Amino acid sequence: MGLPHRRPPLRYTTVPTELCGVTVPAGEALLLCYGAANRDPDHFGGDADRFDLTRRPAAHLAFGHGPHFCLGAPLARLEAAIALQELLTRFDLQPAIPPEELEPLPSLVACGVTRLPVTMSPVHRAGRKASR
């Protein structure tokens, strides 16, 4: 199963912009690597490249920035909070394979794995039957 073809995430400079000591003229295309976003250890900590649901919230670009900030961000956050809380209180999730067996996503712009198999077992709480 191949990955869907998408347009590269190009952005264009509107004014001359300095990036890492190089001046990029106005009107130049920049190819963004979203997989690198939010992974700066100076800003997000030494383990910034590790997925951690308990990490302290920090400023990030997941919903855009400035006038391009996503109008649906509050709804997306609420939906994610409810879904994760329900999932994690009802089920014990464990990785189904060792981390070294995960296959990296073949992408120039995104960071992730092609699949993330887990095992799920119901969490049994006193006074409540585990639902199927």
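## Salt bridges

In this predicted model, 2 salt bridges are counted, a salt bridge being a side-chain nitrogen of Lys or Arg within 4 Å of a carboxyl oxygen of Asp or Glu. The model is predicted, and local features need pLDDT of at least 70, side-chain atom pairs count only at pLDDT 80 or more, and totals for chains, interfaces and linings use all residues. Residues are numbered from 1 along each chain as its sequence is written, and side-chain values use heavy atoms, with hydrogens and water left out.

Helices (H or I, at least four residues) and strands (E, at least two) are DSSP runs, numbered from the N terminus. Glu-86 is partly exposed, at a relative accessible area of 34%, and Arg-90 is partly exposed at 34%; the classes are buried under 20% relative accessible area, exposed over 50% and partly exposed in between, for a 1.4 Å probe and protein chains only.

The side chains of Arg-50 and Asp-47 form a salt bridge, at 3.0 Å from N to O. Arg-50 is partly exposed, with 45% relative accessibility, and Asp-47 is partly exposed, with 29%.

## Cysteines

The count of disulfides is 0, where a disulfide is a pair of cysteine sulfur atoms within 2.5 Å. Cys-20 is exposed, at 85% relative accessibility, whereas Cys-70 is partly exposed, at 34%.

## The largest pocket

Rolling a probe the size of a water molecule over the atoms shows where empty space is left. The analysis uses a 1 Å grid over the protein atoms alone: a cavity is a set of points where a 1.4 Å probe fits but cannot get out, while a pocket is an open set with protein on both sides within 12 Å along at least five of seven lines, and lining residues have an atom within 4 Å of a point. Grid points are joined across faces, edges and corners, and a volume is the space filled by probe spheres set on the points.

The largest pocket has a volume of about 1,600 Å³. Its lining comprises 35 residues, and Asn-38, His-60, Leu-61, Ala-62 and Phe-63 lie nearest the centre. Strand β4 (29–31) and helix α2 (73–90) each contribute at least two lining residues, and α2 gives the most, with 5 residues. By type, the lining holds 21 nonpolar, 6 polar and 8 charged residues; Ala, Val, Leu, Ile, Met, Phe, Trp, Tyr, Cys and Pro count as nonpolar, Asp, Glu, Lys and Arg as charged, and the others, Gly among them, as polar.

## The second largest pocket

Of its 19 lining residues, Arg-50, Phe-51, Leu-102, Val-113 and Leu-116 lie nearest the centre. Arg-50 is also the salt-bridge partner of Asp-47. Strand β5 (residues 91–95) gives the most to this lining, with 3 residues. The lining of the second largest pocket consists of 14 nonpolar, 2 polar and 3 charged residues.

## Surroundings of Pro-9

Pro-9 is found in the segment before β1 (10–12) and is buried, with a relative accessible area of 10%. Beyond its neighbours within four places in sequence, Pro-9 is in contact with Leu-30, Leu-31, Leu-32, Tyr-34 and Val-109, contact meaning heavy atoms within 4.5 Å. Pro-9 and Ala-29 are 20 residues apart in sequence, and their C-alpha atoms are 9.7 Å apart in space.
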